[in-house]
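Here is my note on this structure for a first reading. Please keep the model open while you go through the points.

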Amino acid sequence: MPVSPPDKTISFVIKPVLFLLCLLPLGVLVWAVFNDMLGANPAERLTRETGEWTLRFLLITLAVTPVRKLLRSPWLIKLRRMLGLYVFFYASIHMLTYIWFDQFFDVDEIIRDVIKRPFITVGFLAFILLIPLVLTSTNKMIRRLKKNWVKLHKLIYVIAVLAILHFFWLVKADYQELIVYGLILLLLLFYRLYQQRKKGVY
Ligand code: HEM
């Protein structure tokens with residue numbers, strides 16, 4: 001039976017290390033910007049990289065529950081909130097790069113784009129749906145909402161499907177990466193359904 005680290009180790013070692021690790025992708029991007037390493041179209045590269053990191057953090061957050069069960073390490077749940085907040089953090093930077101470099105803060109143009117281009121509509125919807133999850137991520141809200149908190153936070157699966165759709169509509173030729181992310185999400189969704197079935201929900 002795997003042992004759980006003491007609470008102090010989780011709070012003062014594991015969480016700070018994870019916090020810094022999650023900032024690493026942003027650090028690498030900032031470093032690349034200042035060293036002119038983003039290729040011919042740095043703005044597009046920034047939007048793409050931050051979009052991919054948003055999706056990766058989303059899948060990592062969804063993987064916490066299956067991994068903690070497989071490894072029999074319930075303490076891993078204590079890391080989930082931070083990972084979830086990083087989804088929003090990277091999604092915000094991703095959206096900011098779009099608003100800044102694609103649309104130059106032109107609100108009318110952004111609204112038109114959200115209505116006109118399905119991949120932007122879906123990305124925007126995924127971002128909006130993240131907001132209630134962030135606002136209810138505090139201990140106080142978890143206590144206050146009780147069972148409704150669990151129901152509300154199932155939205156994360158909807159967000160993940162929208163994120164894959166957003167990526168799908170964007171890709172024109174090379175589907176390899178999209179297929180990998182899509183298969184990971186499918187696996188996580190099947191696991192979730194399997195768990196619900198075991199509990200007798202379906
Ligand atoms: C949860 C929310 C979101 C996720 C997970 C996400 C994820 C992604 C991913 C994976 C890509 C493709 C990266 C690649 O080609 O390698 C992408 C591209 C893109 N996303 Fe998002 N996105 C989200 C929200 C948004 C929002 C809100 C907007 C703007 C309103 C947006 C605008 C874009 C644009 C413009 C690109 C294409 C960049 C380019 O090729 O020039 N995304 N996103």
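Which helices each supply at least two residues of the shell around the ligand? They are helix 2 (42-70), helix 3, helix 5 (118-135) and helix 8. Helices here are DSSP runs (H or I, at least four residues), numbered from the N terminus.

1. Basis. This is a predicted model, in which local features need pLDDT of at least 70 and side-chain atom pairs count only at pLDDT 80 or more, while totals for chains, interfaces and linings use all residues. Residues are numbered from 1 along each chain as its sequence is written, and side-chain values use heavy atoms, with hydrogens and water left out.

2. The iron site. Two histidines are the protein donors of the iron atom of the ligand: His94 and His166, each through NE2. They lie 2.0 Å from the iron. Donors are N, O and S atoms within 2.8 Å of the metal (3.2 Å for Na, K and Ca); water is not among the atoms, so sites may look incomplete. The iron has six donor atoms, and its site is octahedral, with angles of 87 to 180°. For six donors, that term requires opposite donors over 155 degrees apart and all others between 65 and 115. Ideal angles for six octahedral donors are 90 or 180 degrees.

3. Where the histidines sit. Histidine 94 belongs to helix 3 (residues 80-102), and histidine 166 to helix 8 (residues 155-170). The two are 72 residues apart, so the pair links distant parts of the chain. Both histidine 94 and histidine 166 are buried. Buried means under 20% relative accessible area, exposed over 50%, and partly exposed in between (1.4 Å probe, protein chains only).

4. The shell. The ligand is surrounded by 22 residues. A residue counts if one of its heavy atoms lies within 4 Å. The closest are Glu44, Arg48, Glu52, His94 and His166. By class, the shell has 12 nonpolar, six polar and four charged residues. Here Ala, Val, Leu, Ile, Met, Phe, Trp, Tyr, Cys and Pro count as nonpolar, Asp, Glu, Lys and Arg as charged, and the others, Gly among them, as polar.

5. Polar contacts. These are pairs of N or O atoms within 3.5 Å. A side-chain N or O atom of glutamate 52 is 2.4 Å from an oxygen atom of the ligand.

6. Aromatic rings. The whole structure holds 12 aromatic pairs. Rings of Phe, Tyr and Trp (its six-membered ring) pair if their centres lie within 6.5 Å; planes under 30 degrees apart are stacked, over 60 edge-to-face, and the rest tilted. Phenylalanine 168 and tyrosine 175 form a tilted pair, because their planes are at 45°, with ring centres 6.2 Å apart. Phenylalanine 168 is partly exposed at 42% relative accessibility, and tyrosine 175 is partly exposed at 32%. One aromatic cluster consists of Phe19, Trp53, Phe57, Tyr86, Phe89 and Tyr90.

7. Positive phi. Arginine 72 has a phi near 50°, though it is not a glycine. Its place is the loop between helix 2 and helix 3. Arginine 72 is exposed, at 55% relative accessibility. Phenylalanine 104, also not a glycine, has a positive phi of about 50°. Phenylalanine 104 is in the loop between helix 3 and helix 4 (107-116). Its relative accessible area is 61%, so phenylalanine 104 counts as exposed.

Methods. Four donors count as tetrahedral if all angles lie between 85 and 135 degrees; four count as square planar and six as octahedral if opposite donors are over 155 degrees apart and all others between 65 and 115; anything else is irregular. A polar contact is a pair of N or O atoms within 3.5 Å; within protein, one must be able to donate a hydrogen and the other to accept it, and residues adjacent in sequence count only if both atoms are side-chain atoms.
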